[in-house]
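I opened my notebook to record what I looked up in this structure. My entries follow in the order I made them.

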Amino acid sequence: GWNVSYDFNESDFQVSRKLLSLYLTKAYNENDQQMPWGSLKYLIGDAMYGGRVSDDMDRRVLKVYLEKFMGDFLFENEEQFHFSRAGFDFYLPQGDRIKTYTQCIDKMPLTVRPAVFGLHANAEIGFYTEATKQIWSDLISLQPRSIIMGNSGISRDDIIATTAKDILEKVPLESIDIGCYDLVVVRNQLYERNGIARPTPCQVVLLQELERWNALIIRMATTLTDLLRAFKGEIGMSEELDALGNALFDGFLPAQWRKLAPDTDKKLGSWISHFLDRYKQYQAWISHGEPAVIWLSGLHVPESYLTALVQTTCRANNWPLDKCVQYSSVTKYQSINDVPCALESGTYISGLYLEGAGWDSHLDCLVPQQPKVLVVNLPILQVIPIEANKIDITGQFIAPVYVTQKRRNAMGVGLVFTVMLKTNESTAHWVLQGVALSLNTDT
């Protein structure tokens with residue numbers, strides 16, 4: 001359920017336990033009528049564990065856990081409190097004898113299900129799937145680098161050279177100096193379409209995207225060409241080219257290209273398909289203008305496009321930029337072809353993947369995941385910039401949108417924006433389920 005991996009350790013737990021013991025003893029000795037839950041929640045949730053948490057969404061998880069499991073409701077005599085009943089009844093014993101509590105603890109299972117922590121049972125499947133992928137990745141990296149003498153008699157170098165030639169044919173290189181697009185020509189096309197020598201905010205984003213795209217195209221073309229020349233003996237095989245060859249042979253995205261591409265967990269084959277789809281979107285954007293439905297995964301810096309939408313709307317309506325926010329809603333449209341026309345203000349977004357929950361298109365709201373279904377495609381999302389004082393989040397769950405399924409790192413890289421998803425459940429339920437969206441998967 002965490003968006004960032006944290007190094008929580010035993011000392012955090014022990015110090016928190018001592019704090020709890022200290023406050024309980026103090027309250028007992030002084031005959032306090034109420035427990036200082038506020039102080040305990042702050043010390044444990046914000047100081048001890050919260051001191052390691054760098055993500056706002058993860059702070060939300062901590063807050064929900066503390067609100068759910070710390071309070072006077074634990075000791076109400078009318079009804080026994082149950083922490084969880086998933087596979088085992090984790091209840092709070094009644095009485096004031098230590099033996100009653102130790103006996104209850106001794107009965108608890110050594111291993112528990114994800115549902116005990118508020119997660120869906122699919123979370124365990126996801127954990128083992130990731131572990132299996134890592135094992136396979138390690139096994140691939142350990143395979144021998146010697147010549148392959150199978151039935152076909154094809155050597156390792158032949159396989160790498162064939163892969164390099166195949167990819168090189170798909171790289172849309174105009175020239176090694178320019179890359180794919182001549183930005184001067186593209187800029188003039190945009191000026192001609194606008195009728196003035198000034199690009200719109202969204203067109204500025206396009207030009208920035210094309211500049212990064214050209215850098216990637218040039219790097220791919222030069223490295224692949226040099227690798228093929230090295231196989232022919234025309235140049236020496238450098239460490240960088242050897243690493244490129246290993247990545248092509250193993251089916252991984254080369255590190256030289258990864259540095260100039262949007263963050264991704266895809267392997268080489270699916271990344272090339274993603275690469276070609278990006279090219280199609282850029283081509284359509286240049287030829288036909290801003291798309292009615294934007295594929296955010298195809299942009300290098302997707303948040304810059306959303307910021308440009310806000311700027312455009314603020315200019316058109318004379319709104320202060322700091323008073324405008326993005327309002328989002330999930331539509332009935334399942335594909336780009338279902339969208340009748342572009343929005344006057346804002347945009348439609350495609351290609352979002354929902355984790356931690358399912359989506360009911362008939363009820364237009366979040367629903368529990370289906371067993372063994374870890375990720376679902378979200379219908380077309382509508383994003384409209386509106387004034388902040390007009391937004392209503394009643395019955396909405398604020399879900400983060402990340403670039404990849406790894407979500408974000410400790411430096412805060414990976415979060416794109418947040419969306420509002422309609423729900424009939426409490427917000428806390430979906431927080432503990434770890435509901436989030438991503439722009440692309442690893443397939």
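**Entry 1: a term I need.** I call it a contact when heavy atoms lie within 4.5 Å. I also note that this is a predicted model.

**Entry 2: T347.** I started with T347, which is found in strand β5, residues 347–350. Which residues does T347 touch, not counting residues up to four places away in sequence? I listed P291, A292, I294 and Y305, then L309, L381, Q382 and V383. Is T347 buried or exposed? Its relative accessibility is 2%. Buried means under 20%, so T347 counts as buried.

**Entry 3: the whole chain.** I stepped back to the chain. I found 13 helices and 13 strands. The C-alpha atoms fill a box of roughly 85 × 65 × 40 Å, taken along the principal axes. The chain has 443 residues, and 40% of them are buried. I then looked at contacts between residues at least 6 apart in sequence. Of these, 67% join residues at least 24 apart.

**Entry 4: surface and charge.** Next I checked the charges: 41 are positive and 51 are negative. How far apart are their mean positions? They are 1 Å apart.

**Entry 5: empty space inside.** Rolling a probe the size of a water molecule over the atoms shows where empty space is left. I looked for cavities of 30 Å³ or more, and the count came to one. The volume of the largest cavity is about 80 Å³. Which elements each supply at least two residues of its lining? I noted α3 (56–69), β11 (396–402) and α13 (427–433). Helix α3 gives the most, with three residues. The lining residues include G1, N3, M57, R60, V61, F397 and W430.

**Entry 6: two positive phi angles.** Most residues other than glycine have a negative phi.

- D364 is not a glycine, yet its phi is about 55 degrees. D364 sits in the loop between β7 (358–360) and β8 (365–367). Its relative accessible area is 22%, so D364 is partly exposed.
- K372 is not a glycine either, and its phi is about 70 degrees. K372 lies in the loop between β8 and β9 (375–377). Its relative accessibility is 73%, and exposed means over 50%, so K372 counts as exposed.

How values were computed. Residues numbered from 1 in each chain as written. Predicted model: local features only at pLDDT ≥ 70, side-chain atom pairs only at ≥ 80, totals over all residues. Heavy atoms only, no water. Helix = DSSP H or I, 4+ residues; strand = E, 2+ residues; numbered from the N terminus. Buried < 20%, exposed > 50% of the residue type's maximum accessible area, 1.4 Å probe, protein only. Lys, Arg positive; Asp, Glu negative; His and termini not counted. Charge placed at Lys NZ, Arg CZ, Asp CG, Glu CD. 1 Å grid on protein atoms, 1.4 Å probe; cavity = no way out; pocket = protein on both sides within 12 Å on 5 of 7 lines; lining within 4 Å. Points joined across faces, edges and corners; volume = space filled by probe spheres on them.
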